[in-house]
Protein chains: 2
Amino acid sequence: MATKQRGRPRSFDRETALEKALRQFWEHGYEATTVADLTREMGIGAPSLYAAFGDKRTLFGEVLVRYAGSYGAFGGRALAEEPTARAAMERVLREAADAFTEPGHPHGCLVIHAATNCTTPEVEQTLREQRNANVATFASRIQQGIDAGEIAVDVGAEDLARYVGAVFQGLSQQSRDGATREGLQAVVDLAMRAWPEA
Amino acid sequence: MATKQRGRPRSFDRETALEKALRQFWEHGYEATTVADLTREMGIGAPSLYAAFGDKRTLFGEVLVRYAGSYGAFGGRALAEEPTARAAMERVLREAADAFTEPGHPHGCLVIHAATNCTTPEVEQTLREQRNANVATFASRIQQGIDAGEIAVDVGAEDLARYVGAVFQGLSQQSRDGATREGLQAVVDLAMRAWPEA
DNA sequence: TTTTTTATGTAGCGACCGCTAGAGAAAGTT
DNA sequence: AACTTTCTCTAGCGGTCGCTACATAAAAAA
């Protein structure tokens, strides 16, 4: 193998360019990432992109594979290496919390947020503020409960509110992904087991 | 008040049209809903839409207000009416699980999914399948644990996996919305308290 | 060198986006 | 009736989208 290519050699590194594309899709989502964005970040012209990666969809497919083998590989490792189911799941969540907030690359999970595209910053910010405001109302109500002595004081209202918010948002995502009402109620059953005693 | 309008009266009901717009934004997201989609569903021409609602962003703003006062109002009611913080949070989650899967309108929460726009069905489905596949690997690992006697048998592997998946997706969303690493680790602390004993 | 093969750069295609000018239609006012 | 005000319809604007034809450049093969 390793036979010399015949024609003019590619002027860019394919892996580097693919990583640049991954970052774009990760940060802005599939639709909101334009081919112009991609070519600018990858440092190549549109014809080179199409020659090397096919069309935009195919490129995104390659990005998904690359993500699964790099940034998204921690889940599989946790499942394979931890001795118990509990340890595996806890490690998945712990490493997710770290990975999702790691500096140097976009936050969150590509597979979850690649479908999230907002070209209009005002709309995106309005929605984010609305979500955070909802969590804040949770925190406020929980603080009332703490002040009333309902809840052990070793749990912060904001942490508890963020937890409820995360479950809430997870329920919304799962409902979109096809979960049934019974399935979601079972999730709530489990979620409430985490509630601290008085 | 109630003075007669001067010119030609509007040929459509504003509230009905607004509700139609809400459904479109809810189902397809802000960006993926085109003005052509809106005018078709609302049964009016583009100039009528712009005359009655301003531009697309302003219309979406009205939609958010309408949503908060109707489909999205259950949260506020729960916070106001339940006597304890725990009861309030549980009711929020229970009613969310019901509302998010209710037939007759799009699933999930508008405020969460209006930023989710995917015009390309293949991409949307690929991402959804990937997410569901991840939950399935969780379920598989958990079932191993149940078979090994690690976990009380009254908890199903699939329910537990969906719970972990929901928290996972919530972590991702919260990281996008600005939560810190410490904040997310605190969420994981709480999430793991729900884990069933052996 | 000449030929063949592949990559690159320019330039622009057709389709769709949000949005609107301008003419006509339908109401109240006089 | 004539006039004013407001809405609706047709048609299309400028801009951006994903994508590509075509000429040229750079390598191996003959």
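Student: Which elements of chain A and chain B each supply at least two residues of the surface near DNA strand D?

Tutor: From chain A, α2 (35-42) and α3 (46-53) do. From chain B, α3 (46-53) does. Keep in mind that this is a predicted model.

Student: Which element gives the largest share of that surface near DNA strand D?

Tutor: α3(B) does, with 4 residues.

Student: Which residues are closest to DNA strand C?

Tutor: A:G7, A:R8, A:S48, B:R8 and B:K56 are the closest, out of 25 residues that surround DNA strand C. Two or more residues each come from α3 of chain A and from α2 (35-42) and α3 of chain B. The largest share, 4 residues, is from α3(A). The surface near DNA strand C divides into 11 nonpolar, 6 polar and 8 charged residues.

Student: Now the two protein chains. How many residues of chain B are in contact with chain A?

Tutor: 83 residues of chain B are in contact with 83 residues of chain A. On the chain B side, α9(B) gives the most, with 17 residues. That side holds 39 nonpolar, 26 polar and 18 charged residues.

Student: Why are α10(A) and α9(B) called roughly perpendicular?

Tutor: Start with the angle. The axes of α10(A) and α9(B) cross at roughly 75° and come within 9 Å. Angles of 65 to 115 degrees count as roughly perpendicular. The two helices are therefore roughly perpendicular to each other.

Student: Which residues meet where α10(A) and α9(B) touch?

Tutor: From α10(A), they are A:G183, A:A186, A:V187, A:L190 and A:A191. From α9(B), they are B:D159, B:L160, B:R162, B:Y163 and B:A166. This contact has 7 nonpolar, 1 polar and 2 charged residues.

Student: Why is B:G170 called buried?

Tutor: Count the neighbours. B:G170 has 27 C-beta neighbours inside 10 Å. The cut-off for buried is 20 or more. So B:G170 counts as buried.

Student: Where does B:G170 lie, and what is in contact with B:G170?

Tutor: B:G170 lies in helix α9 of chain B. Leaving aside neighbours within four places in sequence, B:G170 is in contact with A:G165, A:A166, A:V167, A:Q169 and A:G170. The C-alpha atoms of B:G170 and B:A78 are separated by 21 Å, and these residues are 92 residues apart along the chain.

Student: Why is B:A133 called exposed?

Tutor: B:A133 has 11 C-beta neighbours inside 10 Å. Exposed needs 12 or fewer. So B:A133 counts as exposed. B:A133 is found in helix α8 of chain B. Between the C-alpha atoms of B:A133 and B:A52 there are 45 Å.

Student: What makes A:P121 exposed?

Tutor: The test is again a count. A:P121 has 8 C-beta neighbours inside 10 Å. With 12 or fewer as the limit, A:P121 counts as exposed. A:P121 is in helix α8 (residues 121-147) of chain A. A:P121 and A:F25 are 96 residues apart in sequence and 17 Å apart in space, C-alpha to C-alpha.

Student: Why is A:L79 called partly exposed?

Tutor: A:L79 has 19 other C-beta atoms within 10 Å. Buried needs 20 or more, and exposed needs 12 or fewer. The count for A:L79 falls in between, so A:L79 is partly exposed.

Student: Where is A:L79 found, and which residues does A:L79 touch?

Tutor: A:L79 is found in helix α5 (residues 74-81) of chain A. Not counting residues up to four places away in sequence, A:L79 touches A:A88, B:T137 and B:R141. From A:L79 to A:E150 the C-alpha distance is 37 Å.

Student: Which residues touch the most other members of the largest nonpolar core?

Tutor: A:L93 and B:L93 do, among 110 residues in that core. Not counting residues up to four places away in sequence, B:L93 touches A:V164, A:V167, A:F168, A:L171, A:V188 and A:A191.

Conventions
Residues are numbered from 1 along each chain as its sequence is written. Chains are lettered from A and ligands numbered from 1 in the order in which they are written. This is a predicted model: local features need pLDDT of at least 70, side-chain atom pairs count only at pLDDT 80 or more; totals for chains, interfaces and linings use all residues. Two residues are in contact if their C-beta atoms, placed from the backbone, lie within 7 Å. Ala, Val, Leu, Ile, Met, Phe, Trp, Tyr, Cys and Pro count as nonpolar, Asp, Glu, Lys and Arg as charged, and the others, Gly among them, as polar. A residue is near a molecule or strand if its C-beta atom, placed from the backbone, lies within 6 Å of it. Axes are lines fitted to C-alpha atoms, for helices over the stretch in contact, and angles run from 0 to 180 degrees between N-to-C directions. Angles under 35 degrees count as roughly parallel, over 145 as roughly antiparallel, 65 to 115 as roughly perpendicular and the rest as oblique. A nonpolar core is a set of buried Ala, Val, Leu, Ile, Met, Phe, Trp, Tyr and Cys residues joined through C-beta atoms within 7 Å.
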